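Subject: Structure handover

Hello,

Here is the structure I promised to pass on to you. Please have a look at it first; my notes on what was found follow below.

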Amino acid sequence: MQLTSCISFLPRCLALVLLLVGGSAQSGTDPDRHSHEHTPRLVIGITVDQMRPDYFYRFWNHYGEGGFKRLLDNGFLFRNAKFRHGHTATGPGHAAVYTGTTPRVHGLIGNRWYVPELGREINVVEVPDSTYTTVGGGPRAGQNRAPGNMMVTTIGDELRLYSGERSRTVSVSAKDRAAILSGGHTGDAYWFDRATGNFVTSTFYRDELPEWLRSFNQRGLAREFLQRTWEPARPIETYVESRPDRNPYERPLPGLYRATFPMDLSEIMRQPNMDAGILNVTPFGDELLFELAKTALVEEALGQGETPDMLLIGLSAADIIGHYFGPASKQIQDYYIRLDEYLADFLDFLDEHFERDEILIVITADHGAHYVPQYLHDLRIPTGHSNFHTRLNETLREQLRGHLERRFGTDLLLSISGPHIHLNHPRMAELQLDPAVVRRETVRFLQSLDFVGGALSADTLDQAEFTEGVRGRMMQTYFPARSGDVLMWLTPHTRGDLGTGYTGHGTPWTTDVHVPILFYGYDIPHGQSSAPVAPSDIASTLAVFLNSPFPSGNTGSPLNDLLYGH
Ligand SMILES: [Zn+2]
């Protein structure tokens with residue numbers, strides 16, 4: 001190895017230099033540790049979809065020594081991290097983590113949004129005018145999948161550009177949007193195809209699956225896991241931190257009548273129209289993903305090159321279990337007890353391949369979650385629901401449509417897509433109605449409904465600058481060309497879509513924006529902070545550790561506690 005190549009990023013090069021000059025030093029304590037010569041060899045980003053920060057502490061007594069406890073006892077935890085955008089969903093959240101900015105800049109305003117010119121919603125990772133097809137999937141696999149709607153670079157993109165395209169990012173998740181948006185424009189992304197149980201990609205990335213992934217798929221692990229029964233990992237009577245398993249606030253898995261343990265997956269799979277997607281309503285979906293991540297790390301030789309690489313893991317079962325059962329459930333408790341075991345196993349695996357200071361791990365979430373509204377309602381905690389048999393979104397749509405019709409003589413409502421309300425512009429032009437007047441009337445009416453938390457018109461969002469609180473978060477959710485005419489949000493503990501899931505996320509309230517940020521490895525100090533930070537601070541923090549430029553639209557700030565905290 002030539003010393004000139006030690007301008008490279010490898011800590012082992014630094015160690016070699018120190019050896020040659022007769023010194024010896026631990027790179028982790030070297031005063032020049034943030035010099036250009038010392039960076040992690042591999043960054044591992046783990047995004048636990050829908051993870052609330054309280055899960056660390058609620059289930060602490062059930063965790064072993066090698067998983068969460070190892071990470072928290074040695075790493076650095078940010079306890080007051082909140083997303084800066086208001087529509088808390090998987091696409092905008094994953095993008096915020098790795099682009100270091102908000103939907104206002106990265107452009108991903110929801111998991112889907114309405115496009116008036118197309119007369120339909122598009123998926124966040126669907127590029128409508130493209131011809132990309134899915135590689136390795138079944139007939140129902142999504143088409144036109146690519147990161148093209150994301151208007152800025154990710155930290156992985158910047159690392160690749162900075163390294164002369166030597167650094168690589170591999171991103172895996174059960175969900176296409178999590179894998180694609182984390183992986184950026186220049187990484188590789190692989191996600192789960194529910195029809196076949198295989199991991200797939202898009203022709204945006206490559207025309208054929210890599211050989212190692214074909215072999216992985218051929219192992220048939222998904223099929224094997226689908227023979228399992230989901231039972232509590234420990235005696236259920238020890239799960240005292242969650243509500244009784246049988247309760248009215250949970251949703252049975254497809255094909256089952258009760259949302260209680262045990263859940264026999266092979267019994268579900270014997271019923272018509274079932275597919276491998278059921279795996280991701282159990283912890284086994286994320287167990288499978290860790291197996292894929294380990295295989296990718298070895299087969300792609302990540303962290304073994306001259307420049308740092310990134311391995312990004314999006315754990316989606318965490319979210320889907322949360323939607324079905326809610327944060328108070330035995331199932332969520334069992335998921336986190338098992339995740340702790342998966343993490344311990346993964347950390348052991350990393351120990352076999354790397355020194356601790358060669359890797360940098362960051363764990364966060366794409367959004368939080370709120371308790372099941374009906375559960376809170378029954379505890380006499382106010383919600384915006386007067387009954388749980390109708391969906392508030394439908395009530396809202398009917399009432400707003402009726403109001404605009406009475407006021408302006410015609411139906412002017414085109415679409416409500418998440419928080420984004422689109423009005424019918426051709427019709428307003430026909431009737432010579434001033435759109436600003438219709439928008440103002442829409443806001444006024446919405447704010448008269450007691451389950452609506454607030455609304456802002458595009459006129460206000462174009463002219464004002466809200467920097468704090470819920471309005472500040474909604475401001476960061478607004479991307480003019482995609483957001484429509486009015487942005488709206490409901491009161492806390494209120495869901496517009498009851499019926500598709502008992503609970504979840506999506507609101508700008510604390511329950512949904514508050515997530516953990518945990519750094520571990522490299523020369524991360526041990527500690528914790530309650531400073532107000534955001535997951536969109538992660539990308540620039542990584543950039544500092546990697547010496548790379550910040551992502552192109554970055555608005556977050558590096559987490560200073562990690563850089564000068566010891
Ligand atoms: Zn979700």
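Let me start with S202, which sits in strand β8 (residues 198-202); helices (H or I, at least four residues) and strands (E, at least two) are DSSP runs, numbered from the N terminus. Before going further, please note that this is a predicted model, where local features need pLDDT of at least 70, side-chain atom pairs count only at pLDDT 80 or more, and totals for chains, interfaces and linings use all residues. Residues are numbered from 1 along each chain as its sequence is written, and side-chain values use heavy atoms, with hydrogens and water left out.

Back to S202: its relative accessible area is 0%, so S202 is buried (buried means under 20% relative accessible area, exposed over 50%, partly exposed in between, with a 1.4 Å probe and protein chains only). A polar atom of the S202 side chain lies 2.7 Å from the backbone oxygen of R145. Leaving aside residues up to four places away in sequence, S202 touches Y132, T133, T134, V135, R145 and W191, where contact means heavy atoms within 4.5 Å.

Next, the zinc ion. Its protein donors are D319 (OD), D319 (OD), H323 (NE2) and H505 (NE2), at 2.0 to 2.5 Å. Donors here are N, O and S atoms within 2.8 Å of the metal (3.2 Å for Na, K and Ca); water is not among the atoms, so sites may look incomplete. Along the chain the donors follow the spacing D-x3-H-x181-H. D319 belongs to helix α12 (residues 317-325) and H505 to the loop between β16 (486-490) and α21 (510-513), so this pair ties together parts that are 186 residues apart in sequence. D319 is buried at 3% relative accessibility, and H505 is buried too, at 12%.

Finally, there is an open sheet of four strands, in the order β13-β14-β16-β15, with antiparallel pairing; two strands pair if DSSP finds at least two bridges between them. Its edge strands, each pairing on one side only, are β13 (413-417) and β15 (452-457). Strand β14 (residues 420-423) pairs with β16 in the antiparallel sense over two bridges, and H420 has L487 in β16 as its bridge partner. Helix α17 (residues 435-446) packs on the sheet and touches β14, β15 and β16.

Terms used:
Axes are lines fitted to C-alpha atoms, for helices over the stretch in contact, and angles run from 0 to 180 degrees between N-to-C directions. A polar contact is a pair of N or O atoms within 3.5 Å; within protein, one must be able to donate a hydrogen and the other to accept it, and residues adjacent in sequence count only if both atoms are side-chain atoms.
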